[in-house]
Amino acid sequence: MKRLLPIVALLLLAQTPTTAVLRTPAGDKPVNMLVQNGVMYFAADDVIAALGGSVKADVNGFKATLGATTAAFGPDSRFAVVREDLIEMPVPPLVVDGKPYAVLQFFQGFVSRAADTEIAWDPTARVLQARPVQRSVVGVQASVANIQEISKVVLTLTAPSEYTIIKEPGAYTVRFKAQLKPPAPEQTFDDPYVKSIGYAGSDLRIQLTTPDVAADTYRLDNPFRIVIDIRKAAAPAPGTPALPIPSTKPVEQPGIHTIVIDPGHGGKEVGAIGPGGLMEKDATLQICQKLHDALESKLHARVVLTRTDDSVVSLDQRTAVANQYHADLFLSVHMNAAVVKGAKGSETYFLSLEASDELAKKAAETENATAQRAPENDLKLILWDLAQQQYLQESSRLASDIQEEMNRVHGITNRGVKQAPFKVLVGATMPAALVEVAFITNPTEEAKIKSEEFQKTVVDALTTAVQRYKTDYETRIGIVQPTAPVPTTTAPMQGTGNRGQGIGQTTKPATTTHLSPVTRALSPKKAGP
């Protein structure tokens, strides 16, 4: 026991705050800091207050506010959320005596977004240096034309720049990473929706003639252009708040290059528990870690896990990770549960506001239970046309490929690709699917899930499915040359003759955005054996 005392004393000492200096253009300010397990933390309220902001506790952790920007963070997650962006930290923040402490990466990510200020640490002088961000300068030209009751705003830049579009009352603000060099401080237009465009620093502000508008946005290259189509908005439901246009950043080369894999649940959110005690959160992490390695090896793609340990990651943060990494695919992995004994096999879902059947609806309600309660129409608000709807058909293709491969794993009749409003899929700006690998509540399947052999089989099946989708997609967009068809004298199977279609063809995929009544009738029930 005596040998443990020095160790305990060191741990207590490590959590005792000391003082560092935050150096700003306005002068030096003292800030508390501490070191734990070799990691350096700074008092969030000290740093943010010294920069003119504030930090307050809320039900989910803490909120830091600097200017008009707010970051949500807490001790349960390595990710802080700023608008639609994430700040990734090597370790979660700490709370000591009710005071939040965060690592350097949090302040670097938040302050640069909120105040155009960069933060650097000088360990020798024990000084946090806050200085204005040195920005590149790009020229910008704006044009506005009204065509068929749509005002098309075209912003042409002399060089690419990351940007975010923010909807405000009566205006849209395009906030660039680069400093703007405009032709004039303000331009006025004779247009039904656009009154003027003004410039200030890195902001371009589109002043509207009426707040009752909606907008879609996309970007073009050679030269770099941002196109914003502004039109009259449909009448919103009472009490519906306005949503920002999603962040848009320079697009990578076409094709499947980045894949985000989401191990379901984690931390205190254990998910379903098998009769032998196996927890869903552990099974999904084991499979996803192996899937990560397999996809990187076989597809030579960048593969990102939403969690790499037993930590809590909120449902909103999971798709935010995918968006932050500009993922081309998002796959959430779960284990199924059923009251009916003997239920077995896999099910694959893609997103829809309306569930394909009552059991699919209940499956989504179960998985969504960890999310904060929200009004019923919140999903409709978050499901922006631009950010989500265009990916549903591709999500359907991905889900179909996954389900076909998982059917082979189980050697059973197809349980069917289904649709449901899974919160973890909402907001993903790429094709996204959720697979329920097996029924953890079935003792036989629980035993299989624990085995290395079965996990390898599942990983091989999911890898094959993603590889199939990647090849199919890249063939359809012209990156991969289609293979010559194999001559056959037999008639093609119904629903399989449209794989590998070109973009311009209008034939729908085998699994369309909405399941027909016939398909629903033929699909086995979720909780059935």
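Author: Two residues are in contact when heavy atoms of theirs lie within 4.5 Å. This is a predicted model, in which local features need pLDDT of at least 70 and side-chain atom pairs count only at pLDDT 80 or more, while totals for chains, interfaces and linings use all residues. Residues are numbered from 1 along each chain as its sequence is written, and side-chain values use heavy atoms, with hydrogens and water left out.

Reader: Which residues does Ser-196 touch, not counting those up to four places away in sequence?

Author: With such close neighbours in sequence set aside, Ser-196 touches Glu-186, Gln-187, Thr-188, Phe-189, Arg-205, Ile-206 and Gln-207. Ser-196 itself is found in strand 19, residues 194-200 (strands are DSSP runs of E of at least two residues, and helices runs of H or I of at least four, numbered from the N terminus).

Reader: Why is Ser-196 called buried?

Author: Its relative accessible area is 7%. Buried means under 20%, exposed over 50%, and partly exposed in between, with a 1.4 Å probe and protein chains only; Ser-196, at 7%, is therefore buried.

Reader: What is the strand order of the open sheet of five strands?

Author: The order is 15-16-20-19-18, with antiparallel pairing. Strand 15 (163-168) and strand 18 (186-188) each have a single partner strand, so they stand at the edges and one side of each lacks a neighbour in the sheet. On average, neighbouring strands of this sheet are turned by 15° against each other, direction ignored.

Reader: How do you know that strand 15 and strand 16 are paired?

Author: Strands pair if DSSP finds at least two bridges between them.

Reader: What makes Asp-203 and Arg-175 a salt bridge?

Author: The term requires a side-chain nitrogen of Lys or Arg within 4 Å of a carboxyl oxygen of Asp or Glu. The closest N and O atoms of Asp-203 and Arg-175 are 3.0 Å apart, so the pair qualifies. Asp-203 lies in strand 20 (203-208) and Arg-175 in strand 16 (171-176), so the bridge ties together parts that are 28 residues apart in sequence. Asp-203, at 21% relative accessible area, is partly exposed, and so is Arg-175 at 30%.

Reader: What angle and axis distance do helix 8 and helix 10 have where they pack?

Author: Helix 8 (392-410) and helix 10 (452-476) pack at about 145°, with axes 9 Å apart (axes are lines fitted to C-alpha atoms, for helices over the stretch in contact, and angles between N-to-C directions run from 0 to 180 degrees). By class, their contact has 11 nonpolar, three polar and nine charged residues (Ala, Val, Leu, Ile, Met, Phe, Trp, Tyr, Cys and Pro count as nonpolar, Asp, Glu, Lys and Arg as charged, and the others, Gly among them, as polar).

Reader: Which residues are linked in a network of salt bridges?

Author: The network links Asp-401, Glu-404, Glu-405, Arg-408 and Arg-468. The structure holds 20 salt bridges.
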